[in-house]
Amino acid sequence: MPTIRKKNGSNNLTITQEGYSYFSEELDIVGHVFSRSRVEVAGRVSGDVTANTVELASTARVRGDVKARELTIDGNLTGSFVAEKATLRKNARILADFEYGDLSVEAGAVIDGHATRLVSWSGDDESGCYIPEGSMVSY
């Protein structure tokens with residue numbers, strides 16, 4: 001059973017489940033999502049998503065900043081992302097500046113933004129997520 005809690009009286013929600021969190025196509029989230037494990041989004045998120053592994057399904061629509069050690073996008077992202085390993089699938093529609101360590105792009109993916117290859121990583125931050133040194137995204 002997922003745990004849902006507000007952080008410090010803000011509108012930001014922390015939604016976690018040990019090992020895996022799934023946001024279905026019917027779910028619209030307004031606020032930030034944080035998990036120490038894996039998050040799969042098939043619905044809509046208006047806010048930032050931070051997790052060790054993030055997967056945006058072909059039906060996903062995210063407007064915000066995404067931080068992940070491993071990121072797979074097959075849906076739409078408007079904002080920015082930072083990922084040690086990023087995979088953009090054929091249905092990906094990216095309107096974002098992004099930073100990556102390793103990037104894989106399938107034929108058919110559409111990218112409109114500035115890409116920067118990361119040289120070094122600072123290691124785990126207090127969230128338990130692997131965040132690159134000098135990343136352009138903050139939370």
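The largest nonpolar core of this predicted model has 27 residues, a nonpolar core being a set of buried Ala, Val, Leu, Ile, Met, Phe, Trp, Tyr and Cys residues joined through side-chain atoms within 4.5 Å. Those with the most contacts inside this core are I73, L77 and F81. At least two core residues each come from strand 6 (38-41), strand 8 (49-56), strand 9 (61-73), strand 10 (76-88) and strand 11 (93-105). Strands here (E, at least two residues) are DSSP runs, numbered from the N terminus. As general background, nonpolar side chains in soluble globular proteins tend to be buried together.

Residues are numbered from 1 along each chain as its sequence is written. Because the model is predicted, local features need pLDDT of at least 70 and side-chain atom pairs count only at pLDDT 80 or more, while totals for chains, interfaces and linings use all residues; side-chain values use heavy atoms, with hydrogens and water left out.

With a relative accessibility of 11%, T87 counts as buried; the cut-offs are under 20% relative accessible area for buried, over 50% for exposed, and in between for partly exposed (1.4 Å probe, protein chains only). Beyond its neighbours within four places in sequence, T87 is in contact with L71, T72, I73 and S104.

From C-alpha to C-alpha, G113 and L95 are 5.8 Å apart in space, although 18 residues apart in sequence. When neighbours within four places in sequence are set aside, G113 is in contact with A96 and D97.

Charged pairs come next. Side chains of opposite charge can pair when their charged atoms come close. The structure holds four salt bridges, each defined as a side-chain nitrogen of Lys or Arg within 4 Å of a carboxyl oxygen of Asp or Glu. In one of them, the side chains of E55 and R38 meet at 2.9 Å, N to O. This pair links distant parts of the chain, with E55 in strand 8 and R38 in strand 6, 17 residues apart. Both partners are partly exposed, E55 at 25% relative accessibility and R38 with a relative accessible area of 27%. R38 and E55 also belong, together with E40, to a network of salt bridges.

A further salt bridge joins R69 and E84, whose closest N and O atoms are 3.8 Å apart. R69 lies in strand 9 and E84 in strand 10, so this pair ties together parts that are 15 residues apart in sequence. R69 is partly exposed, its relative accessible area being 30%, and E84 counts as partly exposed at 28% relative accessibility.

Loops take part as well. E106 and R89 form a salt bridge in which the closest N and O atoms are 3.0 Å apart. Here E106 sits in the loop between strand 11 and strand 12, and R89 in the loop between strand 10 and strand 11, 17 residues apart. E106 counts as partly exposed at 30% relative accessibility, and R89 does so at 33%.

Terms used:
Helix = DSSP H or I, 4+ residues; strand = E, 2+ residues; numbered from the N terminus. Contact = heavy atoms within 4.5 Å.
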